[in-house]
Amino acid sequence: MPNLTAKERKRRVPVIELILGVNSQLTALGESRDMLIVLMAIRLGNYQNRPMDVTALAAATSLPRTTVIRHIKALEELDRIKVVNAGRRAIPILIGTDSPLVKGFYKGLEKLVLQASANLSKLDSSPIDTNRKEMLVARQPSRKRDRGQLRE
């Protein structure tokens, strides 16, 4: 096992669970993972009122431009987006409404993020006994002042 403290291992658990949960949610949609990532980046730009062109989408998704272009064409053929020419730039824009499957996908993602946040928050507020390597109930020690020193 890597040289990690018990606290570091505990903090990684919710993060790993989140990543695996997102992977499961993407798989359940039944489409190409890269195409879904491109579609999410298009959504992000649209939701923020800053639509992205192919170059910006490639940067946002860490995918090659050619892959982004291929997925944009596929999404256009599926009537999920339309491409609008803005001068020399081609901007993919969302069309239609979200299907129940897409709405469920985002609800599932929200639930995963909230759960990971709650678990990380609990870790921040609970001390770990590194000898027993488990969570302890947080308690406030009683402190008394005696000759300028603190005692528990």
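A residue counts as exposed when its relative accessible area is over 50% and as buried when that area is under 20%. The legends below refer to a predicted model.

**Figure 1. Aspartate 124 in helix H5.** Helix H5 covers residues 100–125 and includes aspartate 124. The relative accessibility of aspartate 124 is 54%, so this residue counts as exposed. Arginine 11 lies 113 residues away from aspartate 124 along the chain, yet the C-alpha atoms of these two residues are separated by 8.8 Å.

**Figure 2. Asparagine 46 and its surroundings.** Asparagine 46 belongs to helix H2, which spans residues 33–47. Its relative accessibility is 16%, and asparagine 46 therefore counts as buried. Leaving aside residues up to four places away in sequence, asparagine 46 touches Pro51, Pro92, Ile93 and Leu94. With leucine 94, the side chain of asparagine 46 reaches the backbone nitrogen at 3.2 Å.

**Figure 3. Helix H1 and the residue that follows.** Helix H1 runs over residues 6–29. This helix has 24 residues, and the distance from its first C-alpha to its last is 36 Å, close to the 34 Å expected at 1.5 Å a residue. Ala6, Pro14, Gly21, Leu26 and Leu29 are the buried residues of H1. After H1 comes glycine 30, which has a positive phi near 75 degrees.

**Figure 4. The packing of H1 against H2.** The axes of the two helices are 10 Å apart and meet at an angle of about 100 degrees. An angle from 65 to 115 degrees counts as roughly perpendicular, and H1 and H2 are therefore roughly perpendicular to each other. On the H1 side, the contact is made by Asn23, Leu26, Thr27 and Leu29. On the H2 side, Arg33, Leu36, Ile37 and Met40 take part. Sorted by class, the contact holds five nonpolar, two polar and one charged residues. Leu26 and Leu29, which take part in this contact, are also among the buried residues of H1.

**Figure 5. The protein chain as a whole.** The secondary structure consists of five helices and six strands. Read from the N terminus, the order of elements is α-α-α-α-β-β-α-β-β-β-β. The chain has 152 residues, of which 26% count as buried. Among contacts with a separation of 6 or more, 51% are between residues 24 or more positions apart.

Key:
Residues numbered from 1 in each chain as written. Predicted model: local features only at pLDDT ≥ 70, side-chain atom pairs only at ≥ 80, totals over all residues. Heavy atoms only, no water. Helix = DSSP H or I, 4+ residues; strand = E, 2+ residues; numbered from the N terminus. Buried < 20%, exposed > 50% of the residue type's maximum accessible area, 1.4 Å probe, protein only. Polar contact = N/O pair within 3.5 Å; in protein donor to acceptor, adjacent residues only side chain to side chain. Contact = heavy atoms within 4.5 Å. Axes fitted to C-alpha atoms, helices over the stretch in contact; angles between N-to-C directions. Parallel < 35°, antiparallel > 145°, perpendicular 65-115°, else oblique. Nonpolar A, V, L, I, M, F, W, Y, C, P; charged D, E, K, R; others polar. Expected span 1.5 Å × (residues − 1).
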